[in-house]
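Please load the model in your viewer and keep a selection box at hand. The tour below moves from one selection to the next and says what is there.

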Amino acid sequence: MAVSKELLEILVCPLCKTSLDMKADGSGLKCVQCRRVYPIRDEIPVMLIDEAKVED
């Protein structure tokens with residue numbers, strides 16, 4: 001796992017402030033409400049709204 005469980009528990013979506021889930025392939029963190037996916041680069045989540053992509 002690229003992001004530690006402890007970090008995943010405290011991170012929230014910067015836009016809607018809801019929890020995030022790790023994508024199955026480990027490439028990003030997906031917001032459970034607005035469905036934005038924040039990429040993970042070099043094992044660091046990029047929590048910038050402009051860097052996120054909305055997925056179904």
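Is lysine 23 buried or exposed? Lysine 23 is buried, with a relative accessible area of 19%, where buried means under 20% relative accessible area, exposed over 50%, and partly exposed in between, with a 1.4 Å probe and protein chains only. This is a predicted model, in which local features need pLDDT of at least 70 and side-chain atom pairs count only at pLDDT 80 or more, while totals for chains, interfaces and linings use all residues. Residues are numbered from 1 along each chain as its sequence is written, and side-chain values use heavy atoms, with hydrogens and water left out.

**The whole chain**

Start with a cartoon of the protein chain, which has 1 helix and 5 strands, in the order α-β-β-β-β-β from the N terminus on; helices (H or I, at least four residues) and strands (E, at least two) are DSSP runs, numbered from the N terminus. The radius of gyration of the protein chain is 10 Å, close to the 10 Å that the globule rule gives for 56 residues, so the chain is as compact as a globular protein of that length. That radius is taken over C-alpha atoms, and the rule is 2.2 Å times the number of residues to the power 0.38. Along the principal axes, the C-alpha atoms fill a box of roughly 25 × 20 × 20 Å. Buried residues make up 34% of the 56 residues in the protein chain.

**The nonpolar core**

Next, select Val3, Leu8, Leu11, Cys13, Leu20, Leu29, Cys31, Cys34, Tyr38, Ile40 and Ala52, which make up the largest nonpolar core, 11 residues in all. Such a core is a set of buried Ala, Val, Leu, Ile, Met, Phe, Trp, Tyr and Cys residues joined through side-chain atoms within 4.5 Å. At least two residues of this core come from each of β2 (28-31) and β3 (36-41). In soluble globular proteins, nonpolar side chains tend to be buried together.

Within that selection, centre the view on tyrosine 38. Residues up to four places away in sequence aside, tyrosine 38 touches Cys13, Pro14, Leu15, Leu20, Ser27, Gly28, Leu29, Val46, Met47, Leu48, Ile49 and Ala52, contact being heavy atoms within 4.5 Å.

**The cysteine sulfurs**

Now show the cysteine side chains. How many disulfides does the structure hold? The structure holds 0 disulfides, a disulfide being a pair of cysteine sulfur atoms within 2.5 Å. For cysteine 16, the closest cysteine sulfur is in cysteine 31, at 3.3 Å, too far for a bond. Cysteine 34 also has its closest cysteine sulfur in cysteine 31, here at 3.6 Å, which is likewise too far for a bond. Cysteine 16 is partly exposed, with a relative accessible area of 23%.

**Two salt bridges**

Return to lysine 23, whose place is in the loop between β1 (20-22) and β2. Leaving out residues up to four places away in sequence, lysine 23 touches Gly28, Lys30, Val37 and Glu55. With glutamate 55, lysine 23 forms a salt bridge whose closest N and O atoms are 2.9 Å apart; a salt bridge is a side-chain nitrogen of Lys or Arg within 4 Å of a carboxyl oxygen of Asp or Glu. Because glutamate 55 lies in the segment after β5 and lysine 23 in the loop between β1 and β2, the pair ties together parts that are 32 residues apart in sequence. Glutamate 55 is partly exposed, with a relative accessible area of 31%.

The structure holds 2 salt bridges, so labelled by the distance cut-off alone. Select glutamate 51 and arginine 41 for another of them, in which the closest N and O atoms are 2.8 Å apart. Glutamate 51 lies in the loop between β4 (44-45) and β5 and arginine 41 in strand β3, so this pair ties together parts that are 10 residues apart in sequence. Both are partly exposed, glutamate 51 at 32% relative accessible area and arginine 41 at 43%.

Select lysine 17, in the loop between α1 (5-10) and β1, where phi is near 65°, a positive value in a residue other than glycine. Arginine 35, in the loop between β2 and β3, also has a phi near 65°. Lysine 17 is exposed, at 56% relative accessible area, whereas arginine 35 counts as partly exposed at 41%.

Finish at valine 54 in strand β5 (residues 53-54), which is exposed, with a relative accessible area of 56%. Neighbours within four places in sequence aside, valine 54 is in contact with Cys34, Arg35 and Arg36.
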